[in-house]
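Trainee: Could we go through this model together? I would like to begin with the aromatic rings.

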Amino acid sequence: MVALPLHPTSSQYRCPRCHALLYRRGQPFRYIIVMAVTTLALFVPLTFLPILDLDIMGLKAQSTLFEALWMVYKDGYYLIAFVSMMTGLLIPVIMMVLLLLMLVPLHFGYRPRGVALWFRLYEKMREWGMAEVYLIAVIVAIIKLLGMGTLHIGPGFVLFIFFFLTFYITTVWFNPEDIWYEDAMDY
């Protein structure tokens, strides 16, 4: 057993014997809060803006992310529509809300009562948040539709890429262990 004192200037700790990484400090809470708010702000317009416009022999169609999920649901694939909506869209949004519930009070020096519950929910949802899989599915669908007609990428698709990037950066920057250290709030 090795006891390492937390040093405010060090960002990572390694085992003195085997040099394995024991702890790496996440980014400051204020950066994570900004990225989480940005992710949530991107979610609202991306649900209503079209992700693509398709023109096949004069027939034009456009679709948003929710319309695509609704089409899958209407075709009778209820479970696929539900799982896609949860893992690709709603769980990342819920994770960002949980992060804000934990980090905003901690950033202002207040330790909320439900932080342990929020933390457990966040950890459970990390296993199910698969926005990248949903993004890959949309890209594959776009590539398959390219040969069928004229395709225009809509603003919803661009926002979805930024939504995914900000979500990914937020989860990478946040080290869940930091919420238990007093000095993590201040740096």
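Mentor: Rings of Phe, Tyr and Trp (its six-membered ring) pair if their centres lie within 6.5 Å; planes under 30 degrees apart count as stacked, over 60 as edge-to-face and the rest as tilted. Please note that this is a predicted model, where local features need pLDDT of at least 70 and side-chain atom pairs count only at pLDDT 80 or more, while totals for chains, interfaces and linings use all residues. Residues are numbered from 1 along each chain as its sequence is written, and side-chain values use heavy atoms, with hydrogens and water left out.

Trainee: How many aromatic pairs does the rule give?

Mentor: The count comes to seven aromatic pairs. The ring centres of Tyr 73 and Tyr 78 are 4.9 Å apart and the planes stand at 65°, so this pair is edge-to-face.

Trainee: Is Tyr 78 buried or partly exposed?

Mentor: Tyr 78 is partly exposed, at 49% relative accessible area. Buried means under 20%, exposed over 50%, and partly exposed in between (1.4 Å probe, protein chains only). Tyr 73 is also partly exposed, at 37%.

Trainee: Which parts of the chain does the pair of Tyr 122 and Phe 174 link?

Mentor: Tyr 122 and Phe 174 form an edge-to-face pair, 5.4 Å centre to centre with 85° between the planes. Tyr 122 lies in helix 4 (residues 115-126) and Phe 174 in the segment after helix 6, 52 residues apart, so the pair links distant parts of the chain. Helices (H or I, at least four residues) and strands (E, at least two) are DSSP runs, numbered from the N terminus. Both Tyr 122 and Phe 174 are buried.

Trainee: Now the core, please. Which residues touch the most other members?

Mentor: The largest nonpolar core has 40 residues, and those touching the most other members include Leu 65, Phe 160 and Phe 174. Such a core is a set of buried Ala, Val, Leu, Ile, Met, Phe, Trp, Tyr and Cys residues joined through side-chain atoms within 4.5 Å.

Trainee: Which helix gives the most to this core?

Mentor: Helix 3 does, with 11 residues.

Trainee: And what does Leu 65 touch?

Mentor: Not counting residues up to four places away in sequence, Leu 65 touches Leu 46, Ile 51, Leu 89, Tyr 134, Val 138 and Phe 160. Contact means heavy atoms within 4.5 Å. Phe 160 also belongs to one aromatic cluster with Phe 43 and Phe 163.

Trainee: Finally, where does Leu 165 lie?

Mentor: Leu 165 lies in helix 6 and is partly exposed, with a relative accessible area of 39%.
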